[in-house]
Amino acid sequence: MIERYSRPEMVSIWSPATKFKIWFEIEAHACDAMADIGVIPRENADAVWKAKDVEFDVARIDEIEAVTKHDVIAFLTHLAEHIGSDEARFVHQGMTSSDVLDTCFNVQLVRAADILIEGVKGLMAALKKRALEHKMTLRVGRSHGIHAEPTTMGLTFARFYAEMDRNLLRMNTARAEVATGAISGAVGTFANIDPAVEEHVCKQLGLTPEPISTQVIPRDRHAAFFAALGVVSSSIENIAIEIRHMQRTEVLEGAEFFSMGQKGSSAMPHKKNPVLTENLTGLARLVRMAVIPAMENVAMWHERDISHSSVERNIGPDSTITLDFALARMTAVVDKMLIFPENMLDNMNKFPGLVMSQRVLLALTQAGVSRETAYSLVQRNALQVWEYRKDFRELLLGDPEVVAALGVEAINEKFDMSYHTKHVNTIFKRVFG
């Protein structure tokens, strides 16, 4: 991923130096386990650990790979250059390249998941803070982009919080599912390596042994992992779209923070554009772009092929780095977001009283008017609000049929805004406990 959308901690997980360090640990722990069960001499296993503080030379490994055309062999050759060819002769015994590659990949995904999980928690904290801050801040709810009924800004933030809480569960599940390792040898039969080696290596790396690995770890695990990332990115876009709509000039109920010295347009000095949330919409597409290839990686020929390999070398770093950046950016946007309660009320009153139409409809039916007649009575008055911007309540009070059915006091009572906030505390208790 390009540096513009990257954060150092996540990037370091996918660096060649980190990868080779994990490869080394897999090989060294495997040698320890083989020495413990008497398969190789203990002194050879101990000799491997002489390289534990080595900074593996990426350029040298690339140079060897240019000849061998095999990355794991190139690494093993370079490792032998550090510890000696005789000492290294038992390294990788009974193992196959996928044992190293797949186990390493899952270690990286688990480490990436840990960062992403913290990112989700950070965003949830920001959403909760703003939800509590604006629990009773009235704004109009919209369906199809059209005024519907009153809601609150706090409920808007609360529903995003609840969505991210579900994503937290998804990420924890995805992390657990991908936290497996395999040291089972060619086609996964343990023909030339004891299962105890796999158990030891996995324990040392914080993984669980793959129950049956063929020659690779099954890719349905990875498909679920990248699908979870895709859902999280879609939730980020869901929040971003809402903020973008709120920042539209004719709405302006909320907006991204505009920092000192920031410029909105090279041509129009007045512009304050929602560039961060627009950027997040784009980044979400990049994360989701990995989901279909990850799904397609599940199907392989027989016990293994490497059709998945080139895909994962790209989507592993790109998806996790992008989502990490997106979570951090969205958290900052929510935390610093500007809220304009006065504009919310102004918007709701652009069509005076119209958002109370359902309350009047229900009152008429409860007063004995058929639903069809009640709907017609309410709609004929509501349409005048649309067309002439008249006050809905005044229209109803001037409609003899409505007054005859409800009475003046009952009509006025239906315009009490507190009706729409009376259960906010109940909803908040469900969401936040």
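Visitor: In which loop is His-302 found?

Guide: The model is a predicted one. His-302 is exposed, with a relative accessible area of 73%. His-302 is found in the loop between helix 11 (291-296) and helix 12.

Visitor: Which residue in the turn between strand 1 and strand 2 has a positive phi?

Guide: Strand 1 (residues 138-143) and strand 2 (residues 146-152) run antiparallel and are joined by five bridges. They form a hairpin with two residues between them. The turn residue with a positive phi, of about 60°, is His-144.

Visitor: Which helix gives the most to the lining of the largest pocket?

Guide: The largest pocket holds about 570 Å³ of space. Of its 25 lining residues, Trp-23, Asp-71, Leu-101, Ser-309 and Arg-313 lie nearest the centre. Helix 2 (16-36), helix 6 (97-133) and helix 12 (309-336) each supply at least two residues of this lining. With seven residues, the one that gives the most is helix 6.

Visitor: How many charged residues are in the lining of the largest pocket?

Guide: The lining consists of 25 residues. By class, eight are nonpolar and eight are polar, while the charged residues number nine.

Visitor: Which residues lie closest to the centre of the second largest pocket?

Guide: The second largest pocket has a volume of about 490 Å³. It is lined by 23 residues, and those closest to its centre are Arg-142, Gly-145, Ile-146, His-147 and Val-251.

Visitor: Which helices each supply at least two residues of the lining of the second largest pocket?

Guide: The lining has seven nonpolar, nine polar and seven charged residues. Strand 1 and strand 2 each supply at least two residues, and so do helix 7 (153-178) and helix 9 (220-247).

Visitor: How far apart in sequence are the parts that Asp-102 and Arg-219 tie together?

Guide: The side chains of Asp-102 and Arg-219 meet in a salt bridge, at 2.7 Å from N to O. Asp-102 lies in helix 6 and Arg-219 in the loop between strand 4 (208-209) and helix 9, so the parts tied together are separated in sequence by 117 residues.

Visitor: Is Asp-32 buried or exposed?

Guide: Asp-32 meets Arg-42 in a side-chain salt bridge (2.9 Å, N to O). Arg-42 lies in helix 3 (residues 42-48) and Asp-32 in helix 2, so this pair ties together parts that are 10 residues apart in sequence. Arg-42 has 31% relative accessibility and counts as partly exposed. Asp-32, because its relative accessibility is 14%, counts as buried.

Visitor: What separates Glu-133 and Arg-130 in helix 6?

Guide: Their side chains meet in a salt bridge (2.8 Å, N to O). Glu-133 is partly exposed at 49% relative accessibility, whereas Arg-130 is buried at 5%. Because the two are three residues apart in helix 6, their separation is about one helical turn.

Visitor: Which residues are linked in a network of salt bridges?

Guide: Side chains of opposite charge can pair when their charged atoms come close. The structure holds 25 salt bridges. The residues linked in a network are Arg-139, Arg-142, Arg-159, Glu-242 and Glu-253.

Visitor: What arc do the buried residues of helix 19 cover around the axis?

Guide: The buried residues of helix 19 (residues 424-432) are Val-424, Phe-428 and Phe-432. They are on the same side of helix 19 because they cover an arc of only 45°.

Definitions and conventions:
Residues numbered from 1 in each chain as written. Predicted model: local features only at pLDDT ≥ 70, side-chain atom pairs only at ≥ 80, totals over all residues. Heavy atoms only, no water. Pairing = 2+ DSSP bridges. Helix = DSSP H or I, 4+ residues; strand = E, 2+ residues; numbered from the N terminus. 1 Å grid on protein atoms, 1.4 Å probe; cavity = no way out; pocket = protein on both sides within 12 Å on 5 of 7 lines; lining within 4 Å. Points joined across faces, edges and corners; volume = space filled by probe spheres on them. Nonpolar A, V, L, I, M, F, W, Y, C, P; charged D, E, K, R; others polar. Salt bridge = Lys/Arg side-chain N within 4 Å of Asp/Glu carboxyl O. Buried < 20%, exposed > 50% of the residue type's maximum accessible area, 1.4 Å probe, protein only. Arc of directions from axis to C-beta.
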